[in-house]
Amino acid sequence: MSASADRQSIIVGIDGSPTAVGAARWAGAIANRQHAPLTLLGVVPALDYPMTSSALAEVNLLPELRAAAKQKVQEAFEAVHAEQPDVEIRRVVEDGSPARELIRHSANARMVVVAAKAQDRLSTLLLGSTALTVANKATCPVTVWRGRLDQPLPDERPVLVGVDGSPAGSAAVGEAFELASTLGVAVTALHAWNDPDLLQWTPVPDAWDTLAQQEEELLSERMAGWSEKYPDVTVTKVVLKATPAQALLEHGEKAQLVVTGSRGHNRLTGLLTGSTSQSLLHHASSPLVICRER
């Protein structure tokens, strides 16, 4: 599959799991509303024990593995096509590393969607996973889909976005508004702050209230342009004195999507940290969209 074929396509990694099919159904609904093509990508990975490609071919393992991958992609295709018959769906099977192939195709894609299987909450902490690798290295927005298999399609709940003022955070805000406009739902813009060191230089009793007001003003400034660009999207602004990860996890329980930047920064030092997005990757109960500045 050429890189040019990826342009503006939503790409879904298909591994044969029920969660991957749920992710494909969700992505199909998004593709239908955005009038975008959908690519279902199955990858035949290298086996864990030493064996050359020629040796595999001799014992007919590669053809069997490819046939199995094509069947998995076909099953996902049938599930999506039944619900979204107007979406252009491409079925692609390639050899290689699932993570590497998804990252390669992300260069020109609108979005990459990967399933976070139930066991991923443990495996990402210990060994890493395709979802974790793709989320950290893809160049387009990545949705790590973790949702209800009986109700995988978008609903009426808002899109929650973390706002921190960083370039990646700004990309996340733009993606959140785009998705909310696509789905016809509201945006909840959450800005969490917690800088206890700020009080070391001031004895003012109501310093926290003053800082909270400043943070609310900052959030309003950062949201002004986006509200003008998407006047159809209702925005609820939330400012909390808390860690961003904790606040997003709590408010994410009432959202259908959580959108965050791949990197944030401390408002005083500007030091980059991926702790918020990493924490959400492991613990978010809703689908998580991770964005970075292109």
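Reader: What is the relative accessible area of D95, and how does one read it?

Author: Buried means under 20% relative accessible area and exposed over 50%, with partly exposed in between (1.4 Å probe, protein chains only). D95 comes to 39%, which makes it partly exposed. This is a predicted model: local features need pLDDT of at least 70 and side-chain atom pairs 80 or more, while totals for chains, interfaces and linings use all residues. Residues are numbered from 1 along each chain as its sequence is written, and side-chain values use heavy atoms, with hydrogens and water left out.

Reader: Which side chain meets that of D95 in a salt bridge?

Author: A salt bridge requires a side-chain nitrogen of Lys or Arg within 4 Å of a carboxyl oxygen of Asp or Glu. For D95 the partner is R66, at 2.5 Å from N to O. The pair links distant parts of the chain, 29 residues apart: D95 lies in strand β3 (residues 89-95) and R66 in helix α3 (residues 61-83). Helices (H or I, at least four residues) and strands (E, at least two) are DSSP runs, numbered from the N terminus. R66 is also partly exposed, with a relative accessible area of 31%.

Reader: How many salt bridges does the structure hold?

Author: The count is 7. One of them joins R148 and D150, at 2.7 Å from N to O. R148 is partly exposed at 48% relative accessibility, whereas D150 is exposed at 55%.

Reader: How many residues apart are R104 and E101 in helix α4?

Author: An α-helix has 3.6 residues a turn, so residues three or four places apart point the same way. R104 and E101 are 3 residues apart in α4 (residues 98-105), which means about one helical turn separates them. Their side chains form a salt bridge of 2.8 Å, N to O. R104 is partly exposed at 41% relative accessibility, while E101 is buried at 9%. Both also belong to a network of salt bridges that includes E94.

Reader: Which residues of α4 are buried?

Author: They are A99, E101, L102 and H105. Viewed down the axis of α4, these buried residues fall within an arc of 165°, so they line one face of the helix. The arc is taken over the directions from the helix axis to the C-beta atoms.

Reader: What do the buried residues of α4 pack against?

Author: Contact means heavy atoms within 4.5 Å. The buried residues of α4 pack against β1 (10-14), β2 (38-44), β3, β4 (111-115) and α6 (130-137).

Reader: How many cavities are there of 30 Å³ or more?

Author: A cavity is a set of points, on a 1 Å grid over the protein atoms alone, where a 1.4 Å probe fits but cannot get out; lining residues have an atom within 4 Å of a point. Points are joined across faces, edges and corners, and the volume is the space filled by probe spheres set on them. The count here is 2.

Reader: What lines the second largest cavity?

Author: The lining consists of L248, L249, G252, E253, V258, H283, A284, S285 and S286. Helix α9 (residues 244-252) gives the largest share, 3 residues. The second largest cavity holds about 40 Å³ of space. Its lining has 4 nonpolar, 4 polar and 1 charged residues, where nonpolar covers Ala, Val, Leu, Ile, Met, Phe, Trp, Tyr, Cys and Pro, charged covers Asp, Glu, Lys and Arg, and polar the others, Gly among them.

Reader: How many helices and strands does the protein chain have?

Author: The protein chain has 10 helices and 12 strands. Of its 294 residues, 47% count as buried.

Conventions:
1 Å grid on protein atoms, 1.4 Å probe; cavity = no way out; pocket = protein on both sides within 12 Å on 5 of 7 lines; lining within 4 Å.
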